[in-house]
Amino acid sequence: MNVNHGSPVESVLCLQSGGIFVSGGGPDVCVWDMLGGGKLLHRFSCHHKTVTSLCLASGGKRLISGSLDHHAKIYELVNFTPVHTLDYPSPVLSIDVSMNDEYVVAGMINGLVSIRKRDSESTSSETDVMSSVSNIGKVPVKLPDMQVFSHSASSRDTKEARRSVEQALREFKYVKALHISLDNCNKNQARLLATLGELIRRKGLHRAVVGLEEKCIRKLVAFITKHIDVPQYFDVLSQTTYVVIDVLEEMIASGLSPSSSLVSGLHTLGRRVKAEQDSLRELLELQGALQMVFSAPQESNPTPLSPSKTQYEPSVGAARELCVNVS
């Protein structure tokens, strides 16, 4: 059986009835009748970016879809209408709900995991957890070797900044989007990383950096210097560093000279990278030494001799047939 979703499929989920399955891809979620030969029962588009994950909640009565548009939608399976929306600070890659519907866990593109838990008051007063989803709190989880930036108490200014960044990206105003993210990077570093990643994906980071004022470039260099050692952020920050270097080379080629403070910031970044390089070299040397130890031949235990015989005693047959020629 083949079905045509219309976009690359990111997630497929079978409902508990066993005869219906749901597919998510592009901005659409499609419901298919498996027993009816793959007949399309319903198609709904509640996201404006790609749907990346699907899961069931409330004992299979509700469906949740996560998307790259920073939202997770909750639908009633009776009529497939959205009843709630969850907002996230970064595009959602995966989402799931605990068996008792107490926790909603989402993995985001910036490497963070968000765990949202119902308030105790709503637990005692509501029998259906997903009907009180608006009361769910937000708990950031720290992954190994990773700095996590809390988004549990987003202020009104922070929410407005996020909307401004999203609006600027939709209008292809890359300089404005990066400028807003830099202004709010002390409150929400994750948003700046997400903006940089989105600009890299759109191949618009160079244009955004070219349009920045020098003080903003200094702020960007300082941010890179502070977080360049975080493994989950290295890919984004390393590509951003190359773009900054290209922009400065173009500036120098055009006859403009960067300020001494910007040059000092680049020197600081260079020393930070050199320190990380030295640490990596030491780790590689240690790894090589350990491999030499592990690859050395191990001495096997020799087979002990029988206590009744010595190494120089002949066998029974040799002793019986031994002939000595004396001349």
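Residues are numbered from 1 along each chain as its sequence is written, and side-chain values use heavy atoms, with hydrogens and water left out. In this predicted model, local features need pLDDT of at least 70 and side-chain atom pairs count only at pLDDT 80 or more, while totals for chains, interfaces and linings use all residues.

Helices (H or I, at least four residues) and strands (E, at least two) are DSSP runs, numbered from the N terminus. Two strands pair if DSSP finds at least two bridges between them.

Four bridges link S1 to strand S2 (residues 20-25) in the antiparallel sense. Within S2, Phe21 stands opposite Cys14.

S5 is mostly covered, with six of its seven residues buried. Buried means under 20% relative accessible area, exposed over 50%, and partly exposed in between (1.4 Å probe, protein chains only).

S5 and S6 run antiparallel and are joined by six bridges. Leu56 has Leu63 in S6 as its bridge partner. The hairpin of S5 and S6 has four residues between the strands. Ser58 sits in this loop between S5 and S6. Its phi is near 55°, a positive value in a residue other than glycine. Ser58 counts as buried, at 11% relative accessibility. Phe80 also has a positive phi near 55° and is not glycine. Phe80 lies in the loop between S7 and S8. Its relative accessible area is 15%, so Phe80 is buried.

Strand S6 (residues 62-67) pairs with strand S7 (residues 71-76) over five bridges, in the antiparallel sense. Gly66 has Ala72 in S7 as its bridge partner. Ser65 belongs to strand S6. Ser65 is buried, with a relative accessible area of 0%. Its side chain makes a polar contact with the side chain of His47 (2.8 Å). A polar contact is a pair of N or O atoms within 3.5 Å; within protein, one must be able to donate a hydrogen and the other to accept it, and residues adjacent in sequence count only if both atoms are side-chain atoms. Leaving aside neighbours within four places in sequence, Ser65 is in contact (heavy atoms within 4.5 Å) with residues including Val29, Val51, Leu54 and Tyr75.

Helix H3 (residues 174-183) and helix H6 (residues 214-227) have axes that come within 10 Å and cross at roughly 60°. H3 and H6 are therefore oblique to each other. Angles under 35 degrees count as roughly parallel, over 145 as roughly antiparallel, 65 to 115 as roughly perpendicular and the rest as oblique. The crossing of H3 and H6 is left-handed, meaning that the near helix is turned anticlockwise from the far one by less than a right angle. His179, Leu182 and Asp183 in H3 meet Cys216, Lys219 and Leu220 in H6.

Note on methods:
Axes are lines fitted to C-alpha atoms, for helices over the stretch in contact, and angles run from 0 to 180 degrees between N-to-C directions.
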